[in-house]
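Open the structure in your viewer and keep the selection tool at hand.

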Amino acid sequence: MDVPLPHLDRPFDYLVPEALDADARPGVRVKVRFAGQLVDGWLLERAESSAHPKLAYLEKVVSPVPVLSPEVARLARAVADRYAGSLADVLRLAVPPRHARAEKAVTAAAAAAPDGSPTDGTGPTGSTAPDDSPADGTAPDGGPAEDADAGARPGGRAEVDPRGWRDYPAGPALLRALTDGKPARAVWSALPGEDWADRYADAVAATVAGGRGAVVVVADARDLDRLDAALTAVLGAGRHARLTAADGPARRYRAFLTARTGEVDVVIGTRAAMFAPVRRLGLVAIWDDGDDLHAEPRAPYPHARDVLLTRAQLGDIAALVGGYARTAEAQLLVETGWAREVVADRAVVRARTPALAPTGDDPQLARDPGAASARLPSLAWTTARDALRSDLPVLVQVPRRGYVPSVACADCRAPARCPHCAGPLSLPSAQGTPACRWCGRVAAAYACPECGGRRLRASVTGARRTAEELGRAFPGVPVRTSGREEVLASVPGGAGLVIATPGAEPVAEGGYGAVLLLDSWALLTRADLRAGEEALRRWMAAAALARPGTADGRVVVVADGALAPVQALLRWDSAWFAARELAERRELGFPPAVRMASVTGAAEAVADLLAGARLPGDAEVLGPVPADEGRERMLVRVPRSRAAAMAEALHAAAGQRSARKAADPVRLQVDPLTLF
């Protein structure tokens, strides 16, 4: 039943009246009477008998379309157990809300087709998540690449041209494994300048050539548009469906039903597509798994990467995790043997990488002593100038959007806070009045509570202020901005400055002549477990848009070259940094080396839940620490082998509280992205 109460997280038996017998198939939406109310639910299975002596009848079959496939139902149960959540919450994420008009159009089209009956989407059944399980010979071969021209393979299957995958020794073997239907698991580190959408399209085409389907998840709409165009070019129009919540209820539900009825075998989308019902699924893939947009903000807060990997394990199918940078979670897959890495030889990496240089190492400081504190050191300025003189575009990445998102007292440097809510003050423009970023109140007569000063200075500079400053530094050069408010799809050839926030960098025709990575301290000094990993991910995504060094492409990072994330960028070796991060987290006891659960709520409610939880004997309870809105947070840490026991104990304790109608809610999150 679609009831978000943990103590009701189990199936219920109902009688099927004769009038609904034909429509009451497993997977359909139904309405049932429960506790005197009419509630929604999903029909999971039909049985001849029940152990309960007295049963109520189904009230209604909402639609005869079986929207919930058995494969997705098993996956949803596994995800709910993994994240200490309820099946109803996961199904709410997996099955989009019904749109009657879209449903009628799709079912009518399916009925008109010769083989228009909906498929069940059944597949092999498994029971364990891919946490520490080795792959028994199922990963792609890591040997040297072989020439694999398109043509017939033994068994009559057409072989997909490896194209760009030839740059990676294990790339052609990965495509052959996908065509042969083998459950190959790969962690791919993309080269600079790589058209990742084309490579994913090749992997999907190889899977389709083997008679299997695929699900590919990307972080945002811009990446989805690139993948959509690449798949259309390889597979042809109408061969795949886009599934994203941003398309609206009708289009999203139509795409969902198109996959459910078997009209298409490939679904791509944002995290809304991670549960997409694809028949004969052979590949699940995710691009840039470190992007925080892959984390679902609704209970039970699953991460798209973990959902897809669980799906691969349950169905014994192939999985592909790719990105310019590698996360610690992806490195764990490699080190445990569950996946094999697909990387290029160092000679190829050197040939494809732009010339990378930091501004904070000793040689640069000797030439420019002010480089340690300057926002735009001389090396960055001359690099941009040379690229513009060569009629090449320049990309400038800044961590923050807006004009001046954070200000401080010009006299004592104390952060400027709102007198009403203590939120940070910001400046919307050069002549603007400081305003609070939390409550929106204007602080026209601001006076520093520390020293009484009334002058403000910028402590963080945003994209619009950077564009203004660089426009003065390079007069006559076109300056464009790209951020959350407006994302440029691409940049035409010719000289120009593009100021972009991370994730909004447009692609330039032929690549950028120079890429400047400013304000690195804003990324590296965040109080976050993933600060270094996230900084490297953002830098590599921007640097990948530059021309190769052989074509005068240069990247300048305003940071000390001795820092580990900067070293990984300079060598274009995110695998080394991921291995280092994972080793440090093992030593300190942080995810993904261990499993951690965050329990957040009022102090009394958190203590009540943990007191009723039968946690494993080796569980550690850490905290409490302050959380938002006057609440507190406790952390529970267990070895990965005890993760299921911890999730079960926390879910059972939450069920006990909901059964006795405890007033204060408690939020449970397993392996949250933010721990501090």
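**Stop one: two helices**

Helix 9 and helix 17 are roughly perpendicular to each other (65 to 115 degrees), therefore begin with this pair. The model is predicted: local features need pLDDT of at least 70, side-chain atom pairs count only at pLDDT 80 or more, and totals for chains, interfaces and linings use all residues. Residues are numbered from 1 along each chain as its sequence is written, and side-chain values use heavy atoms, without hydrogens and water.

Select residues 328–335 for helix 9 and 574–588 for helix 17; they pack at about 90 degrees, axes 9 Å apart. Axes are lines fitted to C-alpha atoms over the stretch in contact, and angles run from 0 to 180 degrees between N-to-C directions. Helices (H or I, at least four residues) and strands (E, at least two) are DSSP runs, numbered from the N terminus.

**Stop two: paired strands**

Select residues 29–34 and 37–42. Strand 1 and strand 2 pair antiparallel over 6 bridges; pairing takes at least two DSSP bridges. Find Arg 33: its bridge partner in strand 2 is Leu 38. Now click Ala 35. In this hairpin, with 2 residues between the strands, Ala 35 takes a positive phi near 55 degrees.

Val 30 stands opposite Val 61 in strand 3.

**Stop three: a contributing pair of strands**

Select strand 6 (185–189) and strand 11 (318–323). Each supplies at least two residues of the lining of the second largest cavity.

Technical notes:
Parallel < 35°, antiparallel > 145°, perpendicular 65-115°, else oblique.
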